[in-house]
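I am opening my notebook on a structure that is new to me.

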Amino acid sequence: MTIPLLNLFLLFSFFALSFSHETPNPQNNHHNHHAFPRPLIIEYSELEEELKLRCTSWRFAGEANNLSPWITVPKECAEHVKEYMTGKGYIYDLEIVSKEAGEFAKSIQLKDDGLDAWIFDIDETLLSNLPYYSAHGYGFEVFDHEKFDAWVEKGVALAIEPSLKLYEDVLNLGYKVILLTGRKESHRAVTVDNLINAGFRDWHQLILRSSDDKGKLAVIYKSEKRSEMEKEGYRILGNSGDQWSDLLGSSISVRSFKLPNPMYYIA
Ligand SMILES: [Mg+2]
């Protein structure tokens, strides 16, 4: 069953249920008890479950990079994504990525030349822009660069706590932390302040998009920057990002860790 059809059924169920409440005539009531209310209640909860499963499948397909490219969260799943992003599911998903990445980081015997590197993306990886997205439909609205830039310039994005824990673990293990973001060079100062205020410190390099990188696909821009790191001698062991374009391309890390993000897709 397609999702729009499902909506139609849900709507039909609502109408049928309200209609059944407005039949005080006992004869009609008797008739309705057999014809409508019970089966419709069962049907409603089944359809609600069906929608939940469909939207979970949509979200899973997105995380597995099977949907690419996609522009916005489908209308039918807008509420589902909002509930996921504001509920425990998102936090648990972040925690398991952080934990597994930490286990991998610990398992490597680092060399003592200081060239073992871990890359972190920033938005929806270290910093959460949920206050912005809560005002813009959690990915249901088409992304608006100007509005998002205005939010970035406030410098009040929140730390993603499981990522902050991984960040500290990786630093303490002796990795060189390199931050590689799609944010513009003109946002360097506000980004540095925001990161520090959120608890991030001691990164080795913060790479932002320069004017030369303008218009490049994220996957190209990030691959080029990783290639430069390799030429400088760095061994890229881990890479954490919420977009596949943070992780794929060339000069990829030994292990990539994909954080959940059902709100937007960047190529
Ligand atoms: Mg990101």
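**Notebook: first look**

I started with burial: 31% of the 267 residues of the protein chain count as buried. Buried means that 20 or more other C-beta atoms lie within 10 Å of a residue's own, exposed means 12 or fewer, and partly exposed is in between, with C-beta atoms placed from the backbone. I noted that this is a predicted model, where local features need pLDDT of at least 70, side-chain atom pairs count only at pLDDT 80 or more, and totals for chains, interfaces and linings use all residues. Residues are numbered from 1 along each chain as its sequence is written.

Next I looked up the elements. The protein chain has 11 helices and 7 strands. These are DSSP runs, numbered from the N terminus: helices are H or I with at least four residues, strands are E with at least two.

**The core**

I turned to the largest nonpolar core, which has 46 residues. Such a core is a set of buried Ala, Val, Leu, Ile, Met, Phe, Trp, Tyr and Cys residues joined through C-beta atoms within 7 Å. Which members touch the most others? They are A117, W118, L126 and V177. Helix α5 gives the largest share, 5 residues. Domain 1 (3-63) and domain 2 (75-258) each supply at least three residues; the bounds come from an automatic or database domain assignment.

I then checked V177. Beyond its neighbours within four places in sequence, V177 is in contact with W118, F120, Y167, V170, L171, W203 and H204. Contact means C-beta atoms, placed from the backbone, within 7 Å.

**Helix α10**

I picked α10 (218-231). Its buried residues are A218, Y221, K222, R226 and M229. They lie on the same side of α10, because they cover an arc of only 130 degrees around the axis. That arc is taken from the directions from the helix axis to the C-beta atoms. On the other side, E228 and K231 are exposed. What do the buried residues of α10 pack against? I found β1, β4, β5 (205-209), β6 (235-241) and α11 (244-247). After α10 comes G233, with a positive phi near 105 degrees.

**Strand β6**

I ended on β6. Of its 7 residues, 5 are buried, so β6 is largely enclosed by the rest of the structure. β1 and β6 run parallel, joined by 5 bridges. Strands pair if DSSP finds at least two bridges between them. In this pair, A117 stands opposite I236. β6 also pairs with β7 (residues 255-258), in the parallel sense, over 4 bridges. There I found S240 opposite F257.

Definitions and conventions
Contact = placed C-beta atoms within 7 Å.
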